[in-house]
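Biologist: Could you put the model up, so that we can go through it together?
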Amino acid sequence: MKKDFYEILGISKNADAAEIKKAYRKSALKYHPDKNPGDKEAEENFKLAAEAYEVLSDPNKKAKYDQYGHQAFDGSGGFGGGHGGMNMDDIFSQFGDIFGGGFGGFGGGGGGPRRAKGSNLRIKVKLTLEEIANGVEKKVKVKRKVQAKGVTYKTCSTCNGQGQVMRVTNTILGRMQSASTCPTCGGSGQILDKRPSEADAQGMVLEDETVSIKIPAGVVDGMQLKVSNKGNDAPGNSVPGDLIVAIEELEHEFLKREGENIHFDLYISFPEAVLGVSKDIEAINGKVRIKLEEGIQSGKILRLKGKGIPSINGYGSGDLLVHVNVWTPKTLNKEQKQFFENALNDEHFIPSPEKSEKSFFEKVKDMFS
């Protein structure tokens with residue numbers, strides 16, 4: 001089981017952005033590879049801290065993590081589902097400013113160049129309710145920018161391969177040094193040397209690639225998943241961007257989703273309500289047979305435990321709520337009409353709800369409480 005991000009950084013869930021950044025810097029400096037050469041455990045802790053910070057420092061990702069836990073990013077997020085797709089260069093590329101000049105890149109004592117990162121790609125994946133309930137692996141075709149075959153790059157002379165340029169300005173507090181992305185190479189540290197005829201000005205070509213996306217059960221409409229390193233390349237010695245996958249839930253013909261619960265409207269005839277009946281009803285993974293008692297009332301809600309949507313956090317499944325609706329006929333023949341006219345004053349047909357039966361408003365209140 002993956003360790004809680006808040007626990008990794010040693011902060012509470014109420015920590016603000018400044019506290020999160022401070023905690024990450026403290027942890028990153030403690031486990032920094034330059035301070036712990038050859039220490040695999042320290043390197044692992046360094047990556048875990050970076051993964052935690054990557055999620056908690058982003059308000060949208062933090063909100064998803066607080067609601068759904070690690071499963072909001074499994075197979076897609078964090079650093080590729082357990083920082084497997086993230087190396088030290090990735091970390092310094094994204095969070096190098098956290099170290100405030102105390103450390104630089106990874107290896108070589110902190111003076112190494114930063115690696116540029118390619119742009120992200122975004123796609124939308126449509127899922128049926130059955131796919132959401134069971135989890136699914138989708139294969140999608142994306143057009144990615146990749147470095148052309150035969151393209152070569154050379155060290156940028158403006159930044160000497162560092163990807164950054166340093167500027168010194170005089171202020172009332174003294175001389176201040178700041179770093180900014182190199183305007184010549186865009187942060188890659190390299191510029192185009194030889195370009196094949198089919199490549200663009202950055203040495204890139206468009207290629208189709210089929211990407212497999214594992215989508216966990218219980219995702220919700222609008223949720224975004226991330227497939228690491230499946231976005232566009234950038235020139236030179238760069239890190240590919242990510243593929244951002246937006247979830248779109250398709251409407252089901254019979255079932256309505258409410259969080260982890262599923263609602264189904266069951267319509268029965270008046271004779272079926274009087275005599276009782278067994279019915280096959282729609283469920284996520286096929287039909288389910290239920291028995292309706294004699295004299296069942298319209299508005300009755302039957303709850304089938306565990307027949308709803310699995311929790312994305314792995315905390316069981318929701319329920320299937322069957323709403324019973326007694327269908328009143330709009331037209332009757334002469335004999336049928338006579339029967340009901342005779343029944344108007346029959347005590348068996350006079351409404352007499354039991355005190356234990358809840359009113360419509362009480363049922364609505366229970367649904368939303």
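Modeller: Accessible areas here come from the Shrake-Rupley method with a 1.4 Å probe, and for residues only the protein chains shown count as cover. This is a predicted model, in which local features need pLDDT of at least 70 and side-chain atom pairs count only at pLDDT 80 or more, while totals for chains, interfaces and linings use all residues. Residues are numbered from 1 along each chain as its sequence is written, and side-chain values use heavy atoms, with hydrogens and water left out.

Biologist: What does the accessible surface of the protein come to?
Modeller: The accessible surface is about 21,800 Å², and 50% of that belongs to carbon and sulfur atoms.

Biologist: And how many of the residues count as buried?
Modeller: Of the 369 residues, 38% are buried, meaning under 20% relative accessible area, whereas exposed means over 50% and partly exposed lies in between (1.4 Å probe, protein chains only).

Biologist: Switching to helix α4, which of its residues are buried?
Modeller: In α4, which spans residues 59–68, the buried residues are K62, Y65 and Y68. They lie on the same side of α4 because they cover an arc of only 155 degrees around the axis, the arc being that of the directions from the helix axis to the C-beta atoms.

Biologist: What is on the face turned away from that side?
Modeller: That face of α4 carries the exposed residues P59, N60 and Q67.

Biologist: What covers the buried residues of α4?
Modeller: The cover includes α1 (5–9), α2 (17–31) and α3 (40–56), with contact meaning heavy atoms within 4.5 Å.

Terms used:
Helices (H or I, at least four residues) and strands (E, at least two) are DSSP runs, numbered from the N terminus.
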